[in-house]
Amino acid sequence: MSDKHLIELFDVSKEYDGDAALKNIDLYVNHGEFLTLLGPSGCGKTTMLRIIAGFVMPSSGRVLMEGRDVAHIPPYKRKVNTVFQKYALFPHLNVFDNVAFGLKIKKLPKAEIERRVNTLLELVNLKGYGKRWVEQLSGGQQQRVAIARALVNEPEVLLLDEPLGALDLQLRKGMQVELKRMQQRLGITFIYVTHDQEEALTMSDTIVVLREGVIQQIGAPQDIYNEPRNAFVADFIGESNILPGMMACDYRVRFNGREYPCVDAGFGEEQPVEVVVRPEDVDILPLAQVGGNGMRGVVKSTLFMGVHYEIQVVSDGYTWMVHTTDAVDVGWQVGMQILPDAIHIMRPRP
Amino acid sequence: MVKRVRNFFKGTYLGLMLLFLYAPIAVLIVYSFNASKTMGNWTGFSLIWYRALFGDAMIMRALGVTLSVAALSAVIATIMGTFAAIGMHSMKKGTRLVIENISQLPVVNPDLVTGISLMMIFAFIGLKDGYTRLLLAHITFNIPYVIFSVAPKLRQSSNELYEAALDLGCTPLEALIKVVIPDIMPGIVSGFILAFTLSLDDFVVSYFSTQGVENLSIYIYSMARRGINPKINALSTLMFVAVVTLLLIVNIKSIREERAADTQRRKVAKKTA
């Protein structure tokens, strides 16, 4: 590994009373990267964040920051700051003193503290809120104070533990954009924990998908979405049709009683595989356009979602999840088409 | 009609209850202003017993002992109890429950038992000084009450606050002083006032544990054995007023806090709605 990695985890495991929370994690984080730890609750993402912050010691393995082992460096000596899930603002201090807390601990000159705190309050759109008590602020405002309190220390890495989890949808969307903008402007590395796949896809440079303490896939949002490495990732990142299949030969795959051309090769001949097709990649055709042995099915349900319809089509015993802009009705016979590059082949789960 | 009857009984019942509770004290307070020395014989309003009280060097010395023991023992018990509560809070659940329960046992222990056991242990270790004995005894019975009022505040306080302080560069001790203790301060203050009050009006434990030194309650007891002196009425009135004032402060404080928390909750609810 080159020394340009800001944080590296080597074979990190963590057990709580015999229950493994993290298993043999290898991961590196680059300077200036927006990295998201994504997974369902209990997948170990928060544990990983707490290990990097220094609140939790790994049971085994090594954590390096800028090439130095941090095993014996307590949280208060790490160049890392955290935005906590429930903000953890100090209720006995006003907004200014909350943000100034870290700088006062470092005993910086008063004028500098004032300058830096005010700059940060401006950055998070809370100029003039310094004298308010944190209890008087709304959830979104408290969130911003928490971010300002962490960022004012100019950390190498900002850790965010589901920071938008308590906000309503509209506010959350706004904060996502704002956070991303802040990160790009300040050039600070963000490590972001969330269970919201949409949030992960919008904000991240790199996504790490975790499940039961094991990394499932690391990659850019596009890669994770378009080329999920296994059925769990495919299922967790957006909706998917996942079917068992057989690789006939290179570029030919059989599933649900048909053979399809595909773009994948190297799985061998007559090998069992799992096939993933995104719902928006299934095209609905009028029956007339389907050839003699084309795919056809019966519409089982439809759900209007605004831009598209979410429909279920039963074909040869399998219920396809399809997103389409065509209006169809329950009971209709429809034709279907799946193009070669819409079919993703994965090795089956062990 | 039924409602009126019900209300009448409700009022009467409450009135009777308060009468039973406060009649003796009311009588005592009234007679502390009596000009005559004999009880039950009202001869006119006067402050002579108060004057006599403050002129009595013995009583003033006893008052000094009571106040200084109350203040010292409350301060020391508050410090020790607060740190004990913080320590217990960070224990594992099983151990914590055991220790918590053990620490609350002295509260239900009869004062007489506490007093005699303290007397025995002081004799056993050869502690002669009466004032030190009194102080140690009061610290001992005060600590559980401080723990009792600090522990719930700790449970309300989030552990994330402590972690946030560490995250922002505090050592564990700094985090404790700058974040955790301010956050549980209301509990610490109530604990202190409770301890102070308990120490002020303790008789049984003091009586058995000390020797040679008299605080107010012991002095009054020995004075009463020689015959009731109206000075005692004046003194008791003052003590009653002092204790009631302190309790009022504690209660009003907690009511205010609850109300503030209520409005806060309502505000938040309104915002999210």
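Predicted model: local features only at pLDDT ≥ 70, side-chain atom pairs only at ≥ 80, totals over all residues.
Taken along the principal axes, the box filled by the C-alpha atoms of chain B is roughly 70 × 70 × 30 Å. The radius of gyration of chain B is 23 Å, whereas a compact globule of 273 residues would come out near 19 Å. Of the 273 residues in chain B, 38% are buried.

At the surface, six residues, namely B:Y13, B:L14, B:M17, B:L18, B:L21 and B:Y22, form a nonpolar patch whose accessible area together is about 640 Å². One of these residues, B:Y22, belongs to helix α1 of chain B, which covers residues 2-31. The relative accessible area of B:Y22 is 46%, and B:Y22 is therefore classed as partly exposed, since that class lies between the limits of 20% and 50%.

The salt bridges come next. Side chains of opposite charge can pair when their charged atoms come close. Over all chains, the count comes to 17 salt bridges. One of the salt bridges joins the side chains of A:R50 and B:E163, with a distance of 2.7 Å from N to O. This pair crosses between chains, since A:R50 lies in helix α1 (residues 45-53) of chain A, while B:E163 lies in helix α7 (residues 159-167) of chain B. Are the two partners buried or exposed, or do they fall in between? A:R50 has a relative accessibility of 25% and counts as partly exposed, whereas B:E163, with a relative accessible area of 8%, is buried.

Within chain A, a salt bridge links A:K104 to A:D97, and the closest N and O atoms of this pair are 2.8 Å apart. Both partners are described in terms of their accessibility: A:K104 is partly exposed, with a relative accessible area of 43%, and A:D97 also counts as partly exposed, at 23% relative accessibility.

A further salt bridge in chain A is formed by A:R116 and A:E154, whose closest N and O atoms lie 3.9 Å apart, a distance that still qualifies because the criterion is a nitrogen within 4 Å of a carboxyl oxygen. A:R116 is part of helix α3 (residues 110-123) of chain A, and A:E154 is in the loop between α4 (139-151) and β7 (157-161) of chain A, so the pair ties together parts that are 38 residues apart in sequence. In this pair A:R116 is buried, with a relative accessible area of 12%, whereas A:E154 is exposed, with a relative accessible area of 58%. Elsewhere, salt bridges that share partners connect A:R252, A:R254, A:E259 and A:E270 in one network.

The aromatic rings form the last topic. A pair of aromatic rings is described by the distance of the centres and the angle of the planes. Over all chains, the structure holds 18 aromatic pairs. Among them is the tilted pair of A:F304 and A:Y309, with 5.2 Å from centre to centre and 50° between the planes. Here A:F304 counts as exposed, at 56% relative accessibility, while A:Y309 is partly exposed, with a relative accessible area of 23%.

In chain B, the rings of B:F203 and B:Y221 make a tilted pair, with the centres 5.0 Å apart and the planes at 50°. This pair links distant parts of the chain, since B:F203 sits in the loop between α8 (172-200) and α9 (204-209) of chain B and B:Y221 in helix α10 (residues 216-225) of chain B, 18 residues apart. B:F203 counts as partly exposed at 24% relative accessibility, and B:Y221 is partly exposed as well, with a relative accessible area of 34%.

Back in chain A, one aromatic cluster is made up of A:F255, A:Y260, A:Y318 and A:W320. Rings of chain A also take part in contacts with charged side chains. The charged end of A:K14 sits over the ring of A:Y16, at 5.1 Å from the centre of that ring, and the charged end of A:R149 sits over the ring of A:F90, at 4.6 Å from its centre.

Methods. Residues numbered from 1 in each chain as written. Chains lettered and ligands numbered in written order. Heavy atoms only, no water. Patch = residues over 30% accessible without salt bridge, like charges linked within 9 Å, V, L, I, M, F, W, Y side chains within 5 Å. Areas by Shrake-Rupley, 256 points an atom, 1.4 Å probe, with all protein chains shown as cover. Helix = DSSP H or I, 4+ residues; strand = E, 2+ residues; numbered from the N terminus. Buried < 20%, exposed > 50% of the residue type's maximum accessible area, 1.4 Å probe, protein only. Phe/Tyr/Trp six-rings, centres within 6.5 Å; stacked < 30°, edge-to-face > 60°. Lys NZ or Arg CZ within 6 Å of the ring centre and 35° of its normal. Rg over C-alpha atoms; globule rule 2.2 N^0.38 Å.
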